[in-house]
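Hello,

The structure is below. My notes on it follow.

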Amino acid sequence: MSVPAPVRATGYPILLPNAVVGRSPAARLCLVRGKGAVLWDSAGRALIDTLAGLGQCAVGYGREELAEAAAAQMRELSSYPLHAGPVNEPALLLARRLADLSPAPGSRVSYTSSGSEGVETALKLARLAHFHHSGQHRPFVLALEGSYHGATAGALAVTARAEVHQGLGPPSRHTVRLTRPDPHALGPDAVPMLVCELERAIERVGPGLISAFIGEPVMGVAGNVVPPPGYWPAVRRVLEAHGILLIADEVATGYGRTGDWFASPRHGINPDIVVTAKALTSGYLPMGAVLVGRRVLDMLDGFPLRHGFTASGHATGAAVALANLDVIEREGLARRAAGTGGRMLAALRPLEELPWVREVRGCGLMLAVDFGADPAVVERARALPGRAAEAGVLIPHAAGMIRLTPPLVLTDAQAEQIVDVVTAEVRRLGSAARTSG
C-alpha cells in the first residue's frame with residue numbers, strides 16, 4: 001500500500017534514528033524503489049542518492065544478480081549457525097576470496113552481521129591475543145577524536161564523538177583519544193606533531209597496557225577527512241616499537257570506495273586486523289567480515305576461540321557477498337570510483353574560493369564540502385536537503401558540511417548533476433548567511 005511522500009511517522013510504531021522520542025518527527029521521504037544510483041519516493045520523484053544509504057550500496061540498487069544469488073542460496077540452504085559445528089560452502093568460498101584480497105597478509109576471516117559487531121570482534125581479538133601470547137591484560141585502546149566505530153558498547157567506547165555518549169555516562173576510561181589527522185587544520189607539520197602526541201600518550205599510559213590503535217584510513221563520519229601523507233606509516237612504526245596492534249576500520253572505505261579494494265594500502269597502513277561490512281554485500285543483506293592477519297593469528301596460536309554470532313557466516317549473506325564482489329570486479333568499480341571521485345573533487349574545488357567554505361576534500365567517492373562552524377551557515381544548511389531534493393538530488397543533513405559517498409555505479413551525468421546542485425546550494429548558502437549577517 002502506498003503512502004504519501006513525504007510521510008510522517010507518527011502513525012507508525014517505529015523508533016527512528018536521530019528522532020526525538022515522544023515528539024512528532026519531521027516529515028521524511030518514503031522510499032519505495034531504487035535502480036543504480038537513483039531512488040524513487042512514494043510520490044514517484046526520482047532522486048540521485050549521494051550517500052549510498054550509509055555508504056554501503058556500492059553496486060547500486062536493483063541488481064538482479066544479487067537477488068538471484070540470494071534466492072538460489074535460500075532454496076538450497078538459507079543458513080546454519082557456525083557455532084553448531086558444520087560449515088557452509090558459501091562462507092568457505094567467501095573466506096578464501098577475502099583472504100586473497102586482504103591488506104593484512106595471511107588473513108583468516110571472522111564473520112559478523114555489521115560494522116559494530118566487527119569492531120567488537122577486533123577489539124576482543126586484540127586483547128585476547130596479547131593475553132594468550134604474554135599473559136598481559138592490555139585494556140587500553142588508542143582512537144582518534146571525531147571517529148565513529150559503531151553503536152554497540154565496545155564500539156561506542158572507542159567512538160570519540162560527544163553526541164553519541166549523551167546520557168550514557170562518561171566515555172570509557174580505557175580509550176585514549178588522539179588528535180584527528182586533519183591536514184587542513186594542523187598544517188604542514190601535522191605528522192611530526194601527531195607522532196609526538198602518540199608517543200607521549202603511550203608513555204603516559206604505559207605500552208604494556210595498550211592492546212591496539214583503531215582508526216579509519218579515511219575518517220567517514222568526521223567528514224571524509226583524508227590524513228596527511230606519511231601519517232599512517234609513521235603511526236605504524238611507533239606501534240610496532242611498543243608491540244601495539246593496528247586495527248584498520250574499513251567499514252566505510254572497504255570494497256572499492258576509495259579507488260582500491262581497500263584504503264589501507266593506498267594510505268600506507270599495514271594493519272593487523274581489518275574490520276569490514278557495508279559494501280561487502282552492498283547492503284543487500286546485513287553482513288560483515290573481520291580480516292585477522294598473521295601476526296594476531298600467531299599470537300592466538302593454541303587459544304580456543306570462543307567467539308561468534310548467530311548469523312556468523314550466514315550462507316545467503318555469503319552468497320550475495322560473492323555475487324557483489326563479482327560485480328565490483330567485473331565492472332571495475334574501484335577504478336571507476338577513483339576516476340569519478342577525482343573529477344567531482346576537481347569540479348568542487350573552486351568552492352574553496354568562497355569565504356564561507358573551509359575546505360573541499362576527498363578520496364575516491366568519499367567527498368566533503370566543509371563550511372565550518374559559522375552558526376549562520378549551519379542554520380541555513382537545514383534547508384539545504386529540501387532544496388536539493390527539489391533539484392533531484394538526495395543530500396542528507398549534516399551540520400557544517402556536505403558529505404558525498406554515492407554508489408560506485410554513479411554515471412558521469414549523475415556526477416555532474418550532483419556537482420551542479422551542490423555548487424549552487426553552497427553558493428546560495430554562504431551568500432544568504434553573509435547577507436543576513
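A cavity here is a set of points, on a 1 Å grid over the protein atoms alone, where a 1.4 Å probe fits but cannot get out, while a pocket is an open set with protein on both sides within 12 Å along at least five of seven lines; lining residues have an atom within 4 Å of a point. Grid points are joined across faces, edges and corners, and a volume is the space filled by probe spheres set on the points.

The model is predicted: local features need pLDDT of at least 70 and side-chain atom pairs count only at pLDDT 80 or more, whereas totals for chains, interfaces and linings use all residues. Residues are numbered from 1 along each chain as its sequence is written, and side-chain values use heavy atoms, with hydrogens and water left out.

Cavities

The whole structure has 2 cavities of 30 Å³ or more. The largest holds about 40 Å³, and its lining includes Phe-371, Pro-385, His-397 and Met-401. Helix H13 (384-390) and strand S14 (401-404) each give two or more residues to that lining; helices (H or I, at least four residues) and strands (E, at least two) are DSSP runs numbered from the N terminus. By class, the lining has 9 nonpolar, 1 polar and no charged residues (Ala, Val, Leu, Ile, Met, Phe, Trp, Tyr, Cys and Pro count as nonpolar, Asp, Glu, Lys and Arg as charged, and the others, Gly among them, as polar).

The second largest cavity has a volume of about 30 Å³. Among the residues lining it are Leu-194, Glu-197, Phe-213 and Tyr-231. H7 supplies the largest share of this lining, 3 residues.

Aromatic contacts

Phe-213 also belongs to an aromatic cluster with Tyr-231 and Trp-232. Rings of Phe, Tyr and Trp (its six-membered ring) pair if their centres lie within 6.5 Å; planes under 30 degrees apart count as stacked, over 60 as edge-to-face and the rest as tilted. The search finds 3 aromatic pairs. The ring centres of Phe-213 and Trp-232 are 5.6 Å apart and the planes are at 75°, so this pair is edge-to-face. Phe-213 lies in strand S7 (residues 210-215) and Trp-232 in helix H8, 19 residues apart. Both Phe-213 and Trp-232 are buried (under 20% relative accessible area, with exposed over 50% and partly exposed in between; 1.4 Å probe, protein chains only).

Second largest pocket

This pocket has a volume of about 620 Å³. It is lined by 22 residues, and those closest to its centre are Arg-108, Val-109, Ser-110, Tyr-111 and Leu-305. S4 gives the most to the lining, with 4 residues.

Regards
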